[in-house]
Amino acid sequence: MTDTKYDTDVLIVGGGPSGSLCAYYLAKAGKKVILIDSENFPRDKICGDFVSPVGLNELMEIGIWELDEFQKTNVITGATVYLDGVPLITKSLPDMEGLPNYGRVIPRIILDNWILEAARKQGVQIITPCKLENYSVTDDLVTIECNNQGQQKQFTAKMIVGADGSNSKVARIMHGKK
């Protein structure tokens, strides 16, 4: 047993859907969670904005389904592939047990913020903009260093989660590459 003092059980780097959902569920399970992101929210990301039936089930689980704004998002029941303006194939989304047979289009500037706010309501401490600069791991803790609006901050945690995308700084520090 150590007498280590932790700022949090888990520090999550990245406030997109995966980081915010991870934070939500960890907090719901009783863990103390800090989530940092290098950007302020709401912020936009380049994306097709399509939320699949599986994704819609997750949004239902965390209560976003009940938002009036959610009900106003565009429903997608099928897709067509075009080549040079000519439709090649059109298909409806399949019926799968336990899933809706449609998706929705929700711009990331809206969706990401909804999920982040659900995490905040679950008790997650959110710090933005807070850019990860470095972290180190020992047998009993992770020390995380970040820049929060020009101020150096340091946190200690039992665990770090890298949910910071394809150019993950967490992964680059750990593996020396993406």
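## Basis of the model

Buried means under 20% relative accessible area, exposed means over 50%, and partly exposed lies in between (1.4 Å probe, protein chains only). Val-81, with a relative accessible area of 46%, is therefore partly exposed.

This is a predicted model: local features need pLDDT of at least 70, side-chain atom pairs count only at pLDDT 80 or more, and totals for chains, interfaces and linings use all residues. Residues are numbered from 1 along each chain as its sequence is written, and side-chain values use heavy atoms, with hydrogens and water left out.

## Surface patch

Val-81 sits in strand β5. Helices (H or I, at least four residues) and strands (E, at least two) are DSSP runs, numbered from the N terminus. Strands β5 (78-83) and β6 (86-92) each supply at least two of the patch residues.

## Salt bridges

The whole structure holds 4 salt bridges (a side-chain nitrogen of Lys or Arg within 4 Å of a carboxyl oxygen of Asp or Glu). Arg-43 pairs with Asp-112, with the closest N and O atoms 2.5 Å apart. This pair links distant parts of the chain, 69 residues apart. Arg-43 is in the loop between β2 (33-36) and β3 (50-51), while Asp-112 is in helix α4 (residues 108-121). Both ends are buried: Arg-43 at 10% relative accessibility, Asp-112 at 0%.

Asp-112 also bridges to Arg-108, at 2.8 Å from N to O. These two lie 4 residues apart in helix α4, about one helical turn. Arg-108 is buried too, at 15%. Elsewhere in α4, Glu-117 and Arg-120 are 3 residues apart. Their closest N and O atoms are 3.1 Å apart in a salt bridge. Glu-117 is partly exposed at 26%, as is Arg-120 at 38%.

## Nonpolar cores

The largest nonpolar core has 27 residues (buried Ala, Val, Leu, Ile, Met, Phe, Trp, Tyr and Cys joined through side-chain atoms within 4.5 Å). Ile-12, Leu-59 and Val-124 have the most contacts inside it. β1 (8-13), α1 (17-28), β2, α2 (53-61) and α4 each supply at least two residues. The largest share, 6 residues, comes from α4.

Val-124 touches Ala-23, Tyr-24, Ala-27, Val-33, Leu-35 and Ala-119, not counting residues up to four places away in sequence (contact means heavy atoms within 4.5 Å). A second, separate core of 15 residues includes Ile-36, Leu-132, Val-142 and Cys-146.

## Cysteines

The structure holds 1 disulfide (a pair of cysteine sulfur atoms within 2.5 Å). Cys-130 and Cys-146 form it, with their sulfur atoms 2.3 Å apart. Cys-130 lies in strand β9 (residues 130-137) and Cys-146 in strand β10 (residues 142-148), so the bond ties together parts 16 residues apart in sequence. Cys-130 is buried at 1%, and Cys-146 at 0%.

Cys-22 is in no disulfide; the nearest cysteine sulfur, that of Cys-130, is 17 Å away. Cys-22 is partly exposed at 27%. The sulfur of Cys-47 is 19 Å from the closest cysteine sulfur, in Cys-22, too far for a bond. Cys-47 is partly exposed at 39%.
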